[in-house]
Structures are given as structure tokens and as C-alpha cells.
Amino acid sequence: MQPGRRKSETGVMKHRKNNNLPIFAVVFSVFLFGLFMYNEDVKSIAEFPFSRLKASEIQEEQSNPVQESIKNGKESVVSPDQETTKEPYHDLKSVVVKDDDDDQQRLAENKEDEQKTELPVLEADDKDVELPPEDCDLFTGQWVFDNETHPLYKEDECEFLTAQVTCMRNGRKDSSYQNWRWQPRDCNLPKYKPRSLLEKLRNKRLMFVGDSLNRNQWESMVCLVQSAIPAGRKSLSKSGSLSIFRIEDYNATVEFYWAPFLVQSNSDDPNMHSILNRIIMPESIKKHGKHWKDVDYLVFNTYIWWMNTLAMKVLRGSFDRGDTEYDEIERPVAYGRVLKTWSKWVDKNVNPNRTTVFFSSMSPLHIRSMDWYNPDGIKCALETTPILNQSLYLNVGTDRRLFVIASNVTQNMKVPVHFINITTLSEYRKDAHTGIYTIRQGKILTPEHKADPATFADCIHWCLPGLPDTWNEFLYTRIISRL
């Protein structure tokens, strides 16, 4: 304290000159207090790490993906009742009033929140999906009216639906076809939870391969998953025979590949395929198959394009060489040859440790109302309820020979194939077709067309939401059951 003594001595001399001791005492006291506080401030600044905290905060904000997504105009995937951003960091003014332990705890909590935010927020009960027993027959049961849980989505909330299937938008007045739930006889289908399915699809590809009925089911699947995805984080693109719905936050895709016969045919153009003289190459599949490799879930079907003639035309030679001559063989024989070619491709090219394969059975038509004992009906056009009396004999014209072939082939393959038996349960759904509430040659049916359902009613495809959602509930059950 030597400097202090010299300063004080100088102060005394000055005060002695001025003969003013009270002023000297006040000045000396203020000086000692200031020196003490200066030393304490230096000590507290050295011990309290708010200068390091500031740098840490800057680094955390730069590496925080949620903050980055906000800056880029994107949102993280969260449930509708969750906020899309986390509480921002406190500024330094709020930091310095906390002690070091509280601050470190706050930083740890914020980091934990960041990690949680990077992943989509799951519904609270998503982990409690009750699965049916593995040996339960999901396809034997009955239709139950349920307007509480069905439909699984709303038509006007799925922007990706095409005009072919938006029956309500196209003028259909009754909507009860959306409210029927399939109830298996011996078990229950699990409650559909889109985030459970999305988690299974994370970093994976789901592809539907086949005809317009598989496209119908693909549109349904897109609507089933898209409701849980924020705007701007999903997109739909088309290139040739392949349509891809992308789910950005899960790095997943739901795809459709147009191949109505699975093998090569003259109907393979996805836009110009309305050909009456349909010709196939039963042993030629590589051209299509190269697009199916490295897919995690494959869903195949082929049926409706076989039904316009009793015999199938089989090309002699190759389309690539310009060959045009063909042989006509019976439909089941040609179908068997095609599925033999398909099964060989699957067994050779699919790794069952990575890829799950499904084959959907025949989607039925409802062309003759007398098939369900309605003499006053016109095809499916006037139907508003399913066939509920399952004791009645029902034959709506499904070619069961093809069903047997498909069932036998899929049961005897090296690679396991899940046979999705949609046929009988769909035969009950005469009410669920698009009917006159659809498009023809790209345009909505006119009032004149709607007045002539015998000519213009579409009793092949299905309204959405509707029956194909149930087909996808079967897929959902198998996919979420897979470990």
C-alpha cells in the first residue's frame, strides 16, 4: 500500500495547506472503497465465463439446424399442436444474472432441445401401436360403418389427388363410402398413425409397380403420409414411367412405376397407352426391372389390363426390332408365363434382408348390377352402400384363375412375398367406385355424360378417400411389424 500512503500524504499536505480536514477524510474514504471494488470486479470478471459463453452461443446458433431451417424459410417436422421453433437463447443481460451452475444447466437443456427438434416430433402414443398376431388372417372379416375413425384423411386436404379419384369435388353428394372400416374376424388392424409409418420409411423407398389400380393405391398412400409433413417439405415429380413423392425430412420416397403387365408390352407408355390391341413379351422384364432395384418396399400388381380379351397376344420377337407378328394364347397361360418371369427376376435381384416384397391380388369390377341382385341398378353408378350380406353367393366377374396362379407363384418363391388378398373384401364395395364422378380423356364428365352412366360410369377405379386406403392399411400393418 505504499502508493496509497504517498497519495494520502500528498492529500494531507494539500488539506493542511487548505486547513480542511473533513474534506480530506471524505476523499480518502471514497478512494479506499473504489480500490476495493475495483479488485473485486477484476476477480469476478476473471472467474465468470460470460465472454466464453458468448462465443459458445454464437457457435451453437450457427450449428443449430432448427435456426438454420428458419433462416431458410423451412420448418422442422412437428405435430400440429407443437410449435415449429424452440425458445431462442437468452441474451447476455439475462445470462449474467445467473450463477455458473444454472447457466451450464440451461445450456445442456438447450442442446437437448436442439437434438429433439432435429427429429420430427412423434405423437405421444406412437410407440404403443397394437399389432395383430402374425398368424391372424387380416383379409377375412366384414365392413363396419365407422364415421369416427374413417376416412383417414380428407379429400380437400390432400393436394396430390388427381381429378380421376376426387369424387366429392367432381359432384358426388353422398360421402358414406368414405366411412367404412374393414374389421378382420379374429383380430384388429392397428390404428393408423402416419408418423409411425414415416419412421419406418426413413431413408427408404416405397414403390408401387403395376397398372392404374396400383396408381390408385399409390395416390392413397401419398395422402396417408403427406398430412404429417409440413408444406415445403414434400414434392411430387414425374419422369417417364416413374412418379416420385419426396418426403424431405425423412429422406424417403413413395413412388409409382407404370408397368401394367409387369413385363414389356406395347402399353408401356405412361401417357399414351389406350391400346385395344394389347401385345406382351412374357419373358422380357429387364427394361422395367432395372428401375426396381435398391427399393426397400416393392408392391406389385397386374390384372385389369388382362381383362379386355379372352386370349392374350404374345409377340414373336422384339418391339426393339420392329417385330409385329404375334400368337394368341389363353389368358391364364399367358398370366402364368408373366408371373414366372417376374418371380425369377425377384429371386435373382432382390435382397430379402433389405427389401420387403408385396403382391396385391385382383381389384374387382362392378359392371353388372344383377351380380349383386339389383335389377334397377346401372352398373355401379347408383350404389351407395357395400354388400353387407356375406351369405349371398357373389360373382362380379373376377377371374379367379389368375388369383390362384398369383397365390401359388408367390408362395413358392425363394424371396418371401406378402400376398395382399384384397379381392373378396373389395368385391363387397360396389359403392366405392368413381362411377360418373370422374374424368374421361382428361376432362370432368359433363352433365350429358353423367346422365348416361351405362356408357360413362367408371366401375374399375375407386374414389379417394376410400377403399384403397384399406389396402394400404394392410401394407402399413406389415411394414410397421417389420423390425
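**Close-up views of a predicted model**

**View 1. Helix α7 is largely enclosed by the rest of the structure.** Six of the eight residues of helix α7 (residues 194–201) are buried, so this helix is largely enclosed by the rest of the structure; buried means under 20% relative accessible area, exposed over 50% and partly exposed in between, with a 1.4 Å probe and protein chains only. This is a predicted model, in which local features need pLDDT of at least 70 and side-chain atom pairs count only at pLDDT 80 or more, while totals for chains, interfaces and linings use all residues. Residues are numbered from 1 along each chain as its sequence is written, and side-chain values use heavy atoms, with hydrogens and water left out. Helices (H or I, at least four residues) and strands (E, at least two) are DSSP runs numbered from the N terminus. The buried residues of α7 are Pro194, Arg195, Ser196, Leu197, Leu198 and Leu201, and they pack against β3 (205–210), α8, β5, β6, β9 (297–300) and α15 (467–481), a contact being heavy atoms within 4.5 Å. Just after α7, Asn203 takes a positive phi of about 60°.

View 2. Leaving aside residues up to four places away in sequence, Glu219 touches Phe160, Leu161, Thr162, Val165 and Leu464.

**View 3. Strand β5 pairs with β4 and with β6.** Five of the six residues of β5 (residues 242–247) are buried, so the strand is largely enclosed by the rest of the structure. Strand β4 (residues 234–239) pairs with β5 in the antiparallel sense over six bridges, two strands being paired if DSSP finds at least two bridges between them; Lys234 has Ile247 of β5 as its bridge partner. These two strands form a hairpin with two residues between them, and Gly240 in the turn has a positive phi of about 65°. Strand β6 (residues 252–258) also pairs with β5 in the antiparallel sense over six bridges, with Leu242 opposite Tyr257 in β6. The hairpin of β5 and β6 has four residues between the strands, and Asn251 in its turn has a positive phi of about 50°.

**View 4. Four strands form an open sheet with mixed pairing.** The order of the strands is β7-β8-β10-β11. At the edges stand β7 (264–265) and β11 (326–330), each with a single partner strand, so one side of each is left without a neighbour in the sheet. Strand β8 (residues 279–281) and strand β10 (residues 311–315) pair in the parallel sense over two bridges, and Ile280 stands opposite Val314 in β10. Helix α10 (residues 331–349) packs on the sheet, touching β8, β10 and β11, and its direction makes about 105° with that of β11; axes are lines fitted to C-alpha atoms, for helices over the stretch in contact, and angles run from 0 to 180 degrees between N-to-C directions.
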